[in-house]
Amino acid sequence: MRKTDIELINEILNGNHVLFEEIVERYQSSVFVIALGFVQNREDAEDIAQEVMVNIFCNLNKFKGDSLFSTWVYRIAVNGSLDFLKKTRIIRQNAVIPWRVRRCWRLFVSHIRRRVTVLGV
């Protein structure tokens, strides 16, 4: 039986980070389509979708359940797309990446590496 989003979130927050893959499977294509609507470029939309999924992973504990999880994901995808558009202009000028994004990215990559090691891939 397929777990609900809330069940997945609770288990992920309780340490079963492997289940985040199911969140990615459920929402990554929707996030990609939202991003593509903003940037009109497949590669940029893929980058945004990946960053949004990292953002969701890093902030999952902030989901309060006041709305559907899909609504929360949608809002993060929209904000991520808008941030990307703003950031691309700023990065061209300053070449600065905020420390929090780097930290979340390292956590996410570390999780993926552990998963790959467990699978023996």
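Analyst: In this predicted model, arginine 26 and glutamate 22 both belong to helix α2, where they stand 4 residues apart, about one turn of the helix. An α-helix has 3.6 residues a turn, so residues three or four places apart point the same way. The two side chains form a salt bridge whose closest N and O atoms are 2.7 Å apart. Arginine 26 also forms a salt bridge with aspartate 5, and here the closest N and O atoms lie 2.6 Å apart. Because aspartate 5 is in helix α1 and arginine 26 in helix α2 (residues 20–39), this pair ties together parts that are 21 residues apart in sequence.

Within helix α1 (residues 5–13), Asp5 is buried along with Leu8, Ile9 and Ile12. Seen down the axis of α1, its buried residues fall within an arc of 100 degrees, so they line one face of that helix.

The structure holds 5 salt bridges, and another of them joins the side chains of lysine 3 and glutamate 11, at 2.4 Å from N to O. Lysine 3 is partly exposed at 29% relative accessibility, and glutamate 11 is likewise partly exposed, with a relative accessible area of 28%.

Terms used:
Residues are numbered from 1 along each chain as its sequence is written. This is a predicted model: local features need pLDDT of at least 70, side-chain atom pairs count only at pLDDT 80 or more; totals for chains, interfaces and linings use all residues. Side-chain values use heavy atoms; hydrogens and water are left out. Buried means under 20% relative accessible area, exposed over 50%, partly exposed in between (1.4 Å probe, protein chains only). Helices (H or I, at least four residues) and strands (E, at least two) are DSSP runs, numbered from the N terminus. The arc is that of the directions from the helix axis to the C-beta atoms. A salt bridge is a side-chain nitrogen of Lys or Arg within 4 Å of a carboxyl oxygen of Asp or Glu.
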